[in-house]
Amino acid sequence: MESHESPHDRTPDAAQAALDALNADRSTLADHIVTPPWFYPALAAITAAFVASPAAPTPFVQSMVVVAGSVSLIFLVLAYQKRTGLAISRTAGPRSLGVLIVVGVAVVVLLGLSQTLTLMGMRPWVAAVAVFTFVMVLAGCRVYDRFYDTELRSGR
């Protein structure tokens, strides 16, 4: 591995300049990673469809909803990557990770609630759970986006 560093570059001023360059790069990256306005509503709609799927009239229809949602998620991620030129494979810090975990757990709980309501013969209530899921995922994603941006810019 080569180093293009000379012994003269090891000064406090050079170190500060390198840190400033890293901060500028993080800021430039954060400016480049701007979530398209359609991304979170689409993600929320797909998630709501998953949560509503237990109320489908037949297991075949339920399976088709899950398959269509899964394929839609793949296309959504690919469209995001094409739009931004970047693939986001992990969170930027602990706050964005925390939001992601809370939203993920909430979706699992809401899916369980949807399944329970369906088994109890209360299918019309599944629509309310799906609407709540849409709103919760949309709001959670916006909070996640804010935290991600802040953490990416700060390097934490």
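Buried means under 20% relative accessible area, exposed means over 50%, and partly exposed covers the range in between, with a 1.4 Å probe and protein chains only. The model shown is predicted, so local features need pLDDT of at least 70 and side-chain atom pairs count only at pLDDT 80 or more, while totals for chains, interfaces and linings use all residues. Residues are numbered from 1 along each chain as its sequence is written, and side-chain values use heavy atoms, with hydrogens and water left out.

**View 1. The pair of tyrosines in helix α5.**
Y144 and Y148 form a tilted aromatic pair, with 5.7 Å from centre to centre and 35° between the planes; rings of Phe, Tyr and Trp (its six-membered ring) pair if their centres lie within 6.5 Å, and planes under 30 degrees apart count as stacked, over 60 as edge-to-face and the rest as tilted. Both residues lie in helix α5 (residues 123–154), four residues apart, which is about one turn of the helix. Y144 counts as buried because its relative accessible area is 15%, and Y148 is likewise buried because its value is 11%.

**View 2. The overall fold.**
The protein chain holds five helices and zero strands, where helices (H or I, at least four residues) and strands (E, at least two) are DSSP runs numbered from the N terminus. From the N terminus on, the elements run α-α-α-α-α. Of the 156 residues of the protein chain, 27% count as buried, and the chain exposes about 10100 Å², of which carbon and sulfur atoms supply 69%; accessible areas come from the Shrake-Rupley method with a 1.4 Å probe, and for residues only the protein chains shown count as cover. Among contacts with a separation of 6 or more, residues 24 or more positions apart account for 80%, contact meaning heavy atoms within 4.5 Å.

**View 3. An aromatic pair between helices α2 and α3.**
The structure holds four aromatic pairs. One of them joins F39 and Y80 in a tilted arrangement, at 5.1 Å centre to centre and with 50° between the planes. This pair links distant parts of the chain, since F39 belongs to helix α2 (residues 39–52) and Y80 to helix α3, 41 residues apart. Both F39 and Y80 are buried, and together with W38 and Y40 these two residues form one aromatic cluster.

**View 4. The largest nonpolar core.**
A nonpolar core is a set of buried Ala, Val, Leu, Ile, Met, Phe, Trp, Tyr and Cys residues joined through side-chain atoms within 4.5 Å. The largest such core has 23 residues, of which F39, Y40, L43, V103, V107, M136 and V137 touch the most other members. The elements that give two or more residues to this core are α2, α3, α4 (94–119) and α5, and α5 gives the most, with nine residues. When residues up to four places away in sequence are not counted, M136 touches V103, A106, V107 and L110. In soluble globular proteins, nonpolar side chains tend to be buried together.

**View 5. The end of helix α4 and the residues around P54.**
T118 lies in helix α4 and counts as buried because its relative accessible area is 10%. Not counting residues up to four places away in sequence, T118 touches P54, A55, R123 and V126. L119 also has its place in helix α4, but this residue is exposed because its relative accessible area is 68%. The C-alpha atoms of L119 and P54 are separated by 8.8 Å, although the two residues are 65 residues apart along the chain. Q115, likewise in helix α4, counts as partly exposed because its relative accessibility is 33%. Q115 and P54 are 61 residues apart in sequence and 5.4 Å apart in space, C-alpha to C-alpha; leaving aside neighbours within four places in sequence, Q115 is in contact with P54 and Q62.

**View 6. S53 in the loop between α2 and α3.**
S53 is placed in the loop between α2 and α3, where this residue counts as buried because its relative accessibility is 5%. Not counting residues up to four places away in sequence, S53 touches Q62, V65 and V66.
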